[in-house]
Amino acid sequence: MLDDNDFVLASAVDTSVVVLEQLSLHPQPEVREAVAKNPNAPTEVLLKLGKEFPDAITANPIFNLLLLENPESHFVRLSLARSTTTSESAIAQLSKIEDKEILCAVAGNPKTPLHILERLVENPPRFCDDENADESDFDELFTAIVQNPNTSESLLLQLCGGSRNIKITIAQNPKAPLSLLNQFADWRNFSMHKAIARNPQAPSAILEKLAGENEKEIRDLVKIHPNVSETAITIINFIEGKPGTSIDLLERLASDRRASVRRLVAAHPSTPAKVLEKLAQDTDPNVPPQAANNPNATSTVLEFFAEFLVKQHQRVSPSNQAMYERSAVQLVRHSKIAPKVLENLLQMNKYDVVNAIASSLKTPPTILLALTDYQNQSSSHIHFLINLAKNPNTPSDALEKLYLKINQMRHPNTMDGLRAIATHPNTPVHLRAQLFFF
């Protein structure tokens with residue numbers, strides 16, 4: 001609600017300079033604008049208010065006196081550059097002055113014609129004598145040009161090679177070319193996505209891209225956008241964990257450029273096996289584990305996941321291999337594991353993985369026999385041999401080899417190994433006779 005007393009004071013020509021200075025900081029814009037129109041307001045106050053109320057400054061009776069007294073003063077020129085009442089010829093003259101603040105005001109003036117904006121882009125004047133000035137020195141000027149309602153699509157394309165801030169400003173402009181918005185939507189940048197979502201002309205296809213973002217603020221802007229589509233809303237609901245995601249949408253989102261979205265698809269309870277097969281081979285290390293743990297994962301999904309683990313294990317440095325080894329051990333224990341997957345995981349040649357395979361009830365006799373030749377110099381090797389001896393799938397010829405190996409070892413657990421062989425259903429009769437005391 002407008003404070004009538006303060007507004008009257010701000011408008012009165014007999015209000016003291018001290019009071020006007022105080023009122024120039026008033027929280028209500030109507031009061032500040034009244035100060036800008038007051039002929040008793042000092043130049044310093046008018047200069048501060050000029051950016052917010054440019055037309056009020058030039059309408060102030062005192063401005064014409066200042067214009068007559070010193071038309072080349074910085075205050076007069078800046079006020080004219082900001083005002084929408086300034087003539088085109090005067091704006092053209094002001095656009096040739098090598099003063100950054102004045103030129104930025106000209107560039108931001110909604111009355112500045114396109115041909116002047118184009119000239120400022122093509123031949124930007126120097127603001128200083130520094131011969132080493134670069135494009136970044138013109139960021140503020142170019143940003144004002146991008147925001148000017150008279151700017152053109154071709155001018156935006158011309159400026160799109162500028163700084164990140166200029167690109168973000170372009171993204172919010174309703175005249176921004178679709179090609180640029182598509183390109184900018186693929187950025188991994190919150191400010192850029194926020195700018196696109198605020199662009200009233202952003203098409204539904206681009207909004208659907210933004211609908212899958214992690215940041216809730218972006219999704220909320222998409223929801224209220226005039227061009228938002230039902231698909232975008234469905235994607236938002238999916239990201240936010242709401243029910244009702246269709247198989248078609250899950251298939252589409254499985255190819256999303258964002259790993260965070262693909263991870264959600266991989267973990268979704270409705271994602272079909274064919275989609276999980278693709279996600280089990282994903283390049284992001286966090287997506288395949290989600291696919292493998294999905295209740296719809298088939299043995300084929302696990303096979304692809306095993307291939308992924310082996311490749312990643314070979315690719316990374318030894319210090320980073322442990323994560324993939326742990327995943328391999330978990331995979332060995334999966335209820336849908338197939339012998340082909342176990343064979344694949346043996347390529348890691350890591351004790352924990354090999355030991356898990358030796359203990360698995362899914363491991364076929366052929367692999368268990370081959371594992372009797374596995375060499376490991378650690379003290380835990382006896383435990384590996386015992387796990388082989390305890391596996392009900394271990395064949396008789398493997399048990400004979402295990403007997404020879406375990407019987408030769410001097411280890412506190414040797415007797416446990418021999419006992420496991422003696423009680424195994426596949427132990428040959430002649431060997432069982434040697435172990436009758438167990």
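User: At what angle do the axes of helix α6 and α7 cross, and within what distance do they come?

Analyst: Some conventions come first. This is a predicted model, in which local features need pLDDT of at least 70, side-chain atom pairs count only at pLDDT 80 or more, and totals for chains, interfaces and linings use all residues. Residues are numbered from 1 along each chain as its sequence is written, and side-chain values use heavy atoms, with hydrogens and water left out.
In general, two packed helices are described by the angle between their axes and the distance between the axes. Axes are lines fitted to C-alpha atoms, for helices over the stretch in contact, and angles run from 0 to 180 degrees between N-to-C directions. Helices are DSSP runs (H or I, at least four residues), numbered from the N terminus. Here, the axes of α6 (residues 61–69) and α7 cross at roughly 125 degrees and come within 9 Å.

User: Which word describes how α6 and α7 lie to each other?

Analyst: Angles under 35 degrees count as roughly parallel, over 145 as roughly antiparallel, 65 to 115 as roughly perpendicular and the rest as oblique. α6 and α7 are therefore oblique to each other.

User: Which residues of α6 and α7 meet?

Analyst: Contact means heavy atoms within 4.5 Å. From α6, Phe-63, Leu-66 and Leu-67 meet Phe-75, Val-76, Ser-79 and Leu-80 of α7. For classes, Ala, Val, Leu, Ile, Met, Phe, Trp, Tyr, Cys and Pro count as nonpolar, Asp, Glu, Lys and Arg as charged, and the others, Gly among them, as polar. The contact of α6 with α7 has six nonpolar residues, one polar and no charged.

User: How many residues line the largest pocket, and which lie nearest its centre?

Analyst: A pocket is an open set of points on a 1 Å grid over the protein atoms alone, where a 1.4 Å probe fits, with protein on both sides within 12 Å along at least five of seven lines; lining residues have an atom within 4 Å of a point. In this model 14 residues line the largest pocket, with Lys-51, Arg-82, Cys-104, Ala-105 and Gly-108 nearest its centre. That lining has six nonpolar, four polar and four charged residues.

User: Which helix gives the most to that lining?

Analyst: α9 does, with four residues. Helices α7 (74–82), α9 (100–108) and α11 (139–147) each supply at least two.

User: Which residues line the second largest pocket?

Analyst: Its lining consists of Gln-281, Asp-282, Thr-283, Phe-304, Glu-307, Phe-308, Lys-311, Gln-312 and Arg-315. By class, these are two nonpolar, three polar and four charged.
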